[in-house]
Amino acid sequence: MIVDRSRGTAAKPRADAVRNRAKLIEAARDAFTAGEGDITFDALARRAGVGVGTLYRNFATRQALVEAVYRSELDDVVHYADGLLEKHSADETLRHWLDRYATFVATKHGMAEAFTQAIASGAVVAGDTRERIGETLERILAAGAEDGTLRTDVRADDAVIALLGVFLGLTRSRDDAQRRRVLDLYVDALRPRG
């Protein structure tokens, strides 16, 4: 945040500064998702189309960049479900949302070492992710109970645990077809019986 010393108030960042920060977060997210966790700041700045000074003004350390990518990705994952619920049935929303969640998980794996440090430092609280994902699943399950496409007897915290198990099992798999099949099975387990 920029402080206007003449007024003593916080000034809004310039539009180009906001765009540059978003470009840096996107470039870092893409690098982490592709498994390029050790990408240099110079290479990252080039990928984002900004100068390395711009990168350092926004993120003084790799840790600060990882935290920003993590928060941005989690926000995107959570809000993605809302847009889907406006257009699709709850079971279809769940299946599309799982694909977006898979990208989030891949990003976290790509920045695993830095992410672990962020948790150890307290900058990122692991329980926050689980809580926000649980709230998202709760909204989807409630919509599914209302439109009849998802079971009414499933608790969101149980669905989260099952989802964590799915992604833990898929951690080492590079087989996209297998990932799709397993996510389809997860959604099928949440559809009404009979």
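R95 touches R180, L183, D184 and V187, not counting residues up to four places away in sequence, where touching, or contact, means heavy atoms within 4.5 Å. R95 itself is found in helix α5, and R95 counts as buried because its relative accessible area is 14%; buried means under 20% relative accessible area, exposed means over 50%, and partly exposed lies in between, with a 1.4 Å probe and protein chains only.

The model is predicted, so local features need pLDDT of at least 70 and side-chain atom pairs count only at pLDDT 80 or more, while totals for chains, interfaces and linings use all residues. Residues are numbered from 1 along each chain as its sequence is written, and side-chain values use heavy atoms, with hydrogens and water left out.

### The chain as a whole

The protein chain has 9 helices and 2 strands, and from the N terminus on its elements run β-β-α-α-α-α-α-α-α-α-α. Helices (H or I, at least four residues) and strands (E, at least two) are DSSP runs, numbered from the N terminus. Of the 194 residues of the protein chain, 37% count as buried. The chain exposes about 11,200 Å², of which carbon and sulfur atoms supply 51%; these accessible areas come from the Shrake-Rupley method with a 1.4 Å probe, and for residues only the protein chains shown count as cover. Among contacts between residues at least 6 apart in sequence, 66% join residues at least 24 apart.

### The largest pocket

What is the volume of the largest pocket? The volume is about 490 Å³, and of the 20 residues that line this pocket, the closest to its centre are A106, L170, T171, S173 and R174. The elements that give two or more residues to the lining are α1 (15–33), α5 (90–110) and α9 (176–190), and the largest share, 7 residues, comes from α5. The lining divides into 7 nonpolar, 7 polar and 6 charged residues, where Ala, Val, Leu, Ile, Met, Phe, Trp, Tyr, Cys and Pro count as nonpolar, Asp, Glu, Lys and Arg as charged, and the others, Gly among them, as polar.

A pocket is an open set of points on a 1 Å grid over the protein atoms alone, where a 1.4 Å probe fits, with protein on both sides within 12 Å along at least five of seven lines, and lining residues have an atom within 4 Å of a point. Grid points are joined across faces, edges and corners, and a volume is the space filled by probe spheres set on the points.

### Two threonines

T149 is found in the loop between α7 (126–147) and α8 (156–169), and T149 counts as buried because its relative accessibility is 17%. Leaving aside neighbours within four places in sequence, T149 is in contact with S89, A90, D91, G144, R191 and P192. A polar atom of the side chain of T149 lies 3.2 Å from the backbone nitrogen of D91.

T54, by comparison, is found in helix α3 (residues 52–58), and T54 is buried, with a relative accessible area of 14%. Beyond its neighbours within four places in sequence, T54 is in contact with N20 and L24. The side chain of T54 also makes a polar contact with the side chain of R57 (3.0 Å); a polar contact is a pair of N or O atoms within 3.5 Å, and within protein one must be able to donate a hydrogen and the other to accept it, while residues adjacent in sequence count only if both atoms are side-chain atoms.

### Pairs separated along the chain

| Pair | Separation in sequence | C-alpha to C-alpha distance |
|---|---|---|
| F32 and V66 | 34 residues | 9.2 Å |
| T54 and L24 | 30 residues | 9.0 Å |
| E135 and V160 | 25 residues | 9.6 Å |
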